[in-house]
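Reader: Could you walk me through this structure and show me how the words fit the numbers?
Author: Gladly, have a look first.

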Amino acid sequence: METLSAATREALIDLADRMIPAEGEMPAAGSVIAGADLGPVVEELPDLVPAVEKALASVAEVPERERFKALAENDADGLAAVGELVAAAYFLDPEISRLVGYRRREAVPIAVDPDLVELTRPVVALGFSSPVPGTG
Amino acid sequence: MSETSGDQRRAEVVIVGAGPSGAVVAKKLVESGVDVLCLEQGDWPDYTTSRAADERLELAAGKHWSWLPNVRAGVGDYPLDESESDVSALMWNGVGGSSVLYAAHWMRNLPSDFRVRSVDGVGDDWPLTYDDLVPYYEQVERDFGVSGLPGDPAYPRWDSFPMESTPIGAAGHRVAKAHNELGWHWWPSANAIATRRYGRLNPCVQRAACMWSCVDGAKASVDITHWPDILAAGGRLVPRATVSRVETDARGRASGVVYFDAEGVERRVEADVVVLAANGIGTPRILLASATEEMPDGLANSSGLVGRRLMMHPFGAVVGVFDEDIGSFQGVWGQLIYSLQFYETDESRGFVRGAKWNLMPTGGPLATTRSFPWGYDTIWGDGFHEEVAKRVGHSAVWGIIAEDLPEEHNRVILDPVLTDAYGNAAPRLVYKASENTEKLLAFHLERARESMEAAGAKETIVAPQIRETGWHLLGTAKMGEDPASSVVDAEGRSHDVPNLFIADGSIWPTSSGTNPTATIAAMALRCAEGIVRSRNLMEVA
């Protein structure tokens, strides 16, 4: 399985902080990624690893604080790959899930709407017709 | 579910493909006492690997349960060369076919879809009418398990559903009321999703995850609704059997098929009848690959139309963002409501034909960071959290399925270089959306924006056009009455090879603007009836 190298993870942290900065009670992504198990993300999205490595390599010579801007201006695909990995790791974090109010799709028993006949009355009144003679 | 064992060298009817059309044909034939063997290139879906019920759902969609065979690269997937196509083809190769991943929108074609040439002067009429197909629609709706509300004035003779309609949710209510005020059509959606226990289906639990597989057994995919009964009735199914060609005898009758089994061993099945149900790309691929010295352009191709007239329903989307929480990551996905307000031609719009709209949820937080449907203005940086909070639970999206017209230059051909794991030529898609389609989409996107605004959306976003929208693979083995201008007749029988049938969406003369599974299934049932009826008169090899 593809894995992120320590150097890649290190390079991601500052970039992640700029992509998902701290705000209110929401922490920045860098601090989450620094301690996160990225295994589940990489397991589900193995194709992301080379794309992220490539994107980071393309800005390796750019000062750290300028890398987000450089990717945004010059490498939309690279930024999308980095963004996918950063956001996936961020929103998988249990504490972030709690703060956002979304963890998974829960099982919600289905109930039939009682008002559909009434609600569709104006549509029935439209009396749609077909351009095909003899139908509609 | 285990593979069928025993002798697989002979069958009365061999079916290629275990998706919706293959399953419908197999069910009808087995019920009629016909000896059936189905060869399916993929395997049974392994729902234990699905992430639909856990926190990885939106990640897993990116690879293992991807709609793109080139991304998934799983068992049964052949590579696709799409370098000359505006749209990427989406499919699931395995038992159940694309019903494993479809959103289960269950739309009949409208009466005008069968009369496009007569009504609008473009495309072709089908060699049958809506009324001809109604009894078949009714049967497959019972067999799949469809929920809905009868009475939509856009559809004649759609008088009942096996189950009550799925709930339309807060988003559906909001947009429905807006359409009532606008005087625009809408209707609670028909979905192949159970709202109560129905046959092998469980009631839906509203995970809004249909398109990443249903782990709750509530969505009518044919691996659940059809194949267990077919196998119990004596039908045979061989998964991981990749058909490379149809064989013919000296008189040009189909004599069987050649396939590679799971171990890569080339095998042969003799059959009285061959039915292709391998979708709008797989079916022409097999026909073209079955070329012989006598038929250098491929099997059943005296018209020259095999592979041509590919239609894939270019897709548009408009998001509405609302102040209120409209619960947009749970519910039926599926569709909440649909609209056919702008389905028929209005010449003043500058294009012909139209589109069906389906209102759907938008997903969880990770989905809100992606460019589709949210646009290329990135969400990253200052304001990220505010934007996510604004979107999650507060948004819904109109999906717009555009009818595209049949054009012979849009086609499936055999790639001269790319092959699958067994050395079979891979398909290459050549597809470009027409000017009519571009005008059609532009008009519909603006009207959908007006719909969202009327519903109270504080922000609307027209999604960027993306490649990954080719859900509906149609038109590449056209049905018609004239052998010079069509590949098969109105029951899917080849004009050239009388014991060869095509049961999938390949045979559509025009694409309609609706989700095609209902009509593919109804046509497959009609095809199967034709086989049963002519069984004793069939000219076999």
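Reader: Which residues in H6(B) are buried, and what makes a residue count as buried?
Author: In H6(B), the buried residues are Gly169(B), Ala171(B), Gly172(B), Arg174(B), Val175(B), Ala176(B), Ala178(B) and His179(B). A residue is called buried if 20 or more other C-beta atoms, placed from the backbone, lie within 10 Å of its own; with 12 or fewer it is exposed, and in between partly exposed. This is a predicted model, in which local features need pLDDT of at least 70 and side-chain atom pairs count only at pLDDT 80 or more, while totals for chains, interfaces and linings use all residues. Residues are numbered from 1 along each chain as its sequence is written, and chains are lettered from A and ligands numbered from 1 in the order in which they are written.

Reader: What do the buried residues of H6(B) pack against?
Author: They pack against H8 of chain A, together with strands S10 (337-339), S11 (355-360) and S12 (395-402) and helix H12 (435-454) of chain B. Helices (H or I, at least four residues) and strands (E, at least two) are DSSP runs, numbered from the N terminus.

Reader: How do you know that the span of helix H6 of chain B agrees with its number of residues?
Author: The expected span is 1.5 Å times one less than the number of residues. For the 14 residues of H6(B), 169-182, that should be 20 Å, and the end C-alpha atoms are 20 Å apart, so the two agree. After H6(B) comes Gly183(B), with a positive phi near 75 degrees.

Reader: How many residues of chain A are in contact with chain B?
Author: 49 residues of chain A are in contact with 54 residues of chain B, where contact is C-beta atoms, placed from the backbone, within 7 Å. On the chain A side, H6(A) gives the most, with 7 residues.

Reader: What is the secondary structure of chain A?
Author: Chain A has 9 helices and 0 strands.

Reader: Why is chain A called more spread out than a compact globule?
Author: The globule rule is 2.2 Å times the number of residues to the power 0.38, and the radius of gyration is taken over C-alpha atoms. For 136 residues the rule gives 14 Å, but chain A has 23 Å, well over that, so chain A is more spread out than a compact globule. Its C-alpha atoms fill a box of roughly 70 × 35 × 35 Å along the principal axes. Of the 136 residues of chain A, 38% count as buried.

Key. Two residues are in contact if their C-beta atoms, placed from the backbone, lie within 7 Å.
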